Protein chains: 2
Amino acid sequence: MGLAPSSSTPEERLLSLRSSIDNIDAALVHMLAERFRCTQEVGRLKAEHEMPASDPQREARQIARLRALAADAQLDPEFAEKWFNFVVAEVIHHHHRLANEAAADEG
Amino acid sequence: MGLAPSSSTPEERLLSLRSSIDNIDAALVHMLAERFRCTQEVGRLKAEHEMPASDPQREARQIARLRALAADAQLDPEFAEKWFNFVVAEVIHHHHRLANEAAADEG
């Protein structure tokens, strides 16, 4: 972070920080893409084997763990939890859309 | 992704996918923490040098780029854009809170 030497101008330091943000965002998008690949596979597996769609205990453990990881990395744990809920809501939305498309295909 | 051999039971495959999701989530939280470090530094820099707080053109370029990266990684570009807006809203919220705290300290 902030690789521009402190002797550089504010504009140069801003450009340097923006380069870091752009690199981090590219990494985040690719990690999110891989996360979706995993959750889609989980969705298929659960549907095929008639496993329960949701698991509140697993979700509570995930939130507790992410809050602890966030605190350790000095990220606001509240934000980490809100962010996780946003992503999970999108996964559920996606599963419902797939289920509806499958139902429509079956007429 | 899906490292459990296809001969494993559905429960084993579910556990394997969940391990991948947990690893990815830890990576995501750490990348988010580093992104916040950068945006906090940007906030400080802009405040110190009285640079404009928002830059709609930069934001439009970021969204276009992330949508393209998402499409390439087979992540729904709509989701990538929603996700980006969620994170940016949190950054703005955070800046406002810091500004309010600073104002209260000076109050």
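Reply: The centres of domain 1 of chain A and domain 2 of chain A, taken over C-alpha atoms, are 17 Å apart. Domain 1 covers 1-51 and domain 2 covers 53-107; such bounds come from an automatic or database domain assignment. This is a predicted model, in which local features need pLDDT of at least 70, side-chain atom pairs count only at pLDDT 80 or more, and totals for chains, interfaces and linings use all residues. Residues are numbered from 1 along each chain as its sequence is written, while chains are lettered from A and ligands numbered from 1 in the order in which they are written.

The average pLDDT (the predictor's confidence in each residue, from 0 to 100) of chain A is 89, and 92% of its residues score at least 70. The ipTM and the pTM of the model are both 0.88.

Now the helix. Helices (H or I, at least four residues) are DSSP runs, numbered from the N terminus. α1(A) contains 39 residues and spans 56 Å from its first C-alpha to its last, close to the expected 57 Å, which is 1.5 Å times one less than its number of residues. After α1(A) comes A:Glu50, with a positive phi near 50°.

Chain A places 41 residues in contact (C-beta atoms, placed from the backbone, within 7 Å) with 41 residues of chain B. On the chain A side, α1 (10-48), α2 (56-72) and α3 (77-105) each give two or more residues. The largest share, 25 residues, belongs to α1(A).

Note on methods. Contact = placed C-beta atoms within 7 Å.
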